[in-house]
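These entries record what I looked up in one protein structure, in the order in which I looked it up.

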Amino acid sequence: DRDSYQLAMMALIARVNDTHANLWSSLAVRPPVGPCQLPVNVRFVENQAVVAGYSNPDLGKATGLLPGDVIQALDGVEVTALVKGWSPYYADSNEAARLRDIGRSMTRGDCARPATLHVRRAGDALDLSATRVMPGELDTKTYDHDRPGETFRRFRRTSPISSFRR
């Protein structure tokens, strides 16, 4: 069927290991699927899915997740198994980029069904249930750039390059 064909093409393209190559018109079928997402930013730190912050401060706090929480399982499946199953469909130049992209979308899913999470927080294990929200309620700009202010800045040289000698 159409979705299977698109996934097969994505897996083929991903084998090129180029972040710029993808089947851009078909990203909706790349796992995980679903129109909604938890209002948190997930980053992989030492191969662990860590809540890095909120993509909507009010809704993010309402999930019960805190920055620093390590997500160990999502909807009853261990994160390591999710990453292994999803990786073939992510066209990235290296594993760090693949984990970055998986982290951006890993909490996607059905809007009507709450996400169940098993997390580690300061050495304690917790089970949480959180509501996914529509993309329009999320601030996607907060994900990539940790520094406050404008994303791109022009730097002024304080001394000419020619003054640097070996």
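**Entry 1. A tyrosine and its surroundings**

How far does the backbone oxygen of P31 lie from a polar atom of the side chain of Y90? I found 2.6 Å between the two atoms. Before going on, I noted that this is a predicted model, in which local features need pLDDT of at least 70 and side-chain atom pairs count only at pLDDT 80 or more, while totals for chains, interfaces and linings use all residues. Residues are numbered from 1 along each chain as its sequence is written, and side-chain values use heavy atoms, with hydrogens and water left out.

I placed Y90 in the loop between α3 and α4; helices (H or I, at least four residues) and strands (E, at least two) are DSSP runs, numbered from the N terminus. With a relative accessible area of 0%, Y90 is buried. Here buried means under 20% relative accessible area, exposed over 50%, and partly exposed in between, with a 1.4 Å probe and protein chains only.

I then looked up the side chain of S105, which is joined to that of Y90 by a polar contact of 2.9 Å. Such a contact is a pair of N or O atoms within 3.5 Å; within protein, one must be able to donate a hydrogen and the other to accept it, and residues adjacent in sequence count only if both atoms are side-chain atoms. Setting aside neighbours within four places in sequence, I listed the contacts (heavy atoms within 4.5 Å) of Y90 as A14, R30, P31, P32, R98, D101, I102 and S105. I also noted A21, 69 residues from Y90 along the chain, with 9.7 Å between the two C-alpha atoms.

**Entry 2. Helix α4**

Which residues of helix α4 are buried? In this helix, residues 95-105, I found A97, R98, L99, D101, I102, G103 and S105. D101 counts as buried at 13% relative accessibility. Beyond its neighbours within four places in sequence, D101 is in contact with Y90 and D92. At the start of α4, I saw a side-chain oxygen of N94 reach to within 3.2 Å of the backbone nitrogen of A96.

**Entry 3. The whole protein**

I counted 5 helices and 6 strands, in the order α-β-β-α-β-β-α-α-β-β-α from the N terminus on. Of the 166 residues, 36% count as buried. The accessible surface comes to about 10,700 Å², and carbon and sulfur atoms hold 55% of it; these areas come from the Shrake-Rupley method with a 1.4 Å probe, and for residues only the protein chains shown count as cover. Among contacts between residues at least 6 apart in sequence, 59% join residues at least 24 apart.

β1 and β2 run antiparallel and are joined by 6 bridges. In β2, A49 stands opposite F44. The hairpin of β1 and β2 has 2 residues between the strands, and E46 takes a positive phi near 50° there.

β5 (residues 115-121) and β6 (residues 124-130) are antiparallel as well, over 7 bridges. D127 in β6 is the bridge partner of H118. This hairpin has 2 residues between the strands, and A122 takes a positive phi near 50° in it.

**Entry 4. The nonpolar core**

Which residues have the most contacts inside the largest nonpolar core? I recorded F44, I71, M106 and L117, in a core of 22 residues. A core of this kind is a set of buried Ala, Val, Leu, Ile, Met, Phe, Trp, Tyr and Cys residues joined through side-chain atoms within 4.5 Å. At least two of its residues come from each of β1 (40-45), β2 (48-54), β3 (70-74), α3 (79-86), α4 and β5. Helix α3 gives the most, with 4 residues. Leaving aside neighbours within four places in sequence, I found F44 in contact with A49, V79, V83, L99, I102, G103 and M106.

**Entry 5. The disulfide**

My search of the whole structure found 1 disulfide, a term for a pair of cysteine sulfur atoms within 2.5 Å. C36 and C111 form it, with their sulfur atoms 1.8 Å apart. The pair links distant parts of the chain, 75 residues apart: C36 is in the loop between α1 (2-14) and β1, and C111 in the loop between α4 and β5. The torsion about the S-S bond is about 85°, so the disulfide is right-handed.

Are the two cysteines buried or partly exposed? C36 counts as buried at 1% relative accessibility, whereas C111 is partly exposed, with a relative accessible area of 29%.

Conventions:
Pairing = 2+ DSSP bridges.
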